[in-house]
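Welcome! Here is a short briefing to read alongside the structure.

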Amino acid sequence: MNWENATPYNQFSGTISNQAAKEELGRRIAARVEDGQVIGVGSGSTSYVTIQAIAERVHRHNLTIAVVCTSPEVTLACAAVNLPIGSLLQKRPDWCFDGADEVDPARNLIKGRGGAMFMEKVMIHAAPKSCILVDRSKLVPKLGTKFPIPVEVLPIALRVVEHELRDLGAIEAPMRMAVKKDGPVITENGNFILDVRFAEIHSSLERDIKAIPGVIESGLFWGRDVEIVVAEE
Ligand code: 5RP
């Protein structure tokens, strides 16, 4: 079988909530794509829908671009629509896009429902400009309103990290469990995820969490210079 004829892995793994709003965002972001750009691609359903819109524009206008991906699922999606895939080791993105689970009025974010917050944070630091695409359901008066903060933890350090998180004010920190596999979710980096609820989320919490030995990364993005692009629908 030729690879050209192989089945493309092009579907989002879950249900896409607010799909029409995400498609509208995807079209707006695709319109920003210019010939020769390297674009950083976040994870989640908004990113997935945006990939489809970007591919449509790239192929229709015969643009040459490269993408740099933050997770296996968006790598598969970009491959399926024939977008050339590069590595952060070789290419610095001109800009990147991603979704979010919560955005507060000061543009602080909670991300990581999809478990890809480690690479998503690396990407936001790599790209000189980041666009966070959200439908209105993601706008909250205060972080933590709907979502916990996901914390990626080295398995051997689990108990240490749990203990330290409680010292930082964590109220609960359940381990994220897998669906269609027994046991916990294992991240791309081989780690566990704790979904942590805090009584209060403040400006130094991201740094405090990251300072715990055994924490790989958290889904709290505080004080980043990102553009929030809100769906019109
Ligand atoms: C994945 C993420 C996603 O960007 C976030 O969960 C938003 O997802 P969606 O676009 O499906 O609503 O952080 O780790």
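**The ligand and its surroundings**

A polar backbone atom of Ser43 is 2.9 Å from an oxygen atom of the ligand, a polar contact (a pair of N or O atoms within 3.5 Å). This is a predicted model, where local features need pLDDT of at least 70, side-chain atom pairs count only at pLDDT 80 or more, and totals for chains, interfaces and linings use all residues. Residues are numbered from 1 along each chain as its sequence is written, and side-chain values use heavy atoms, leaving out hydrogens and water.

**More contacts**

- Gly112 places a backbone N or O atom 2.8 Å from an oxygen atom of the ligand.
- Lys138 has a polar side-chain atom 2.7 Å from an oxygen atom of the ligand.
- On its own, the ligand has 370 Å² of accessible area, and the protein covers 97% of that (Shrake-Rupley method, 1.4 Å probe).

**The shell**

- Around the ligand there are 17 residues (each with a heavy atom within 4 Å of it).
- Ser45, Thr46, Asp101, Gly112 and Lys138 come nearest.
- The shell holds 2 nonpolar, 8 polar and 7 charged residues, with Asp, Glu, Lys and Arg counted as charged and Gly among the polar ones.

**Salt bridges**

- The whole structure has 16 salt bridges (a side-chain nitrogen of Lys or Arg within 4 Å of a carboxyl oxygen of Asp or Glu).
- Lys111 and Asp98 form a salt bridge through their side chains, 3.0 Å from N to O.

Terms used. A polar contact is a pair of N or O atoms within 3.5 Å; within protein, one must be able to donate a hydrogen and the other to accept it, and residues adjacent in sequence count only if both atoms are side-chain atoms.
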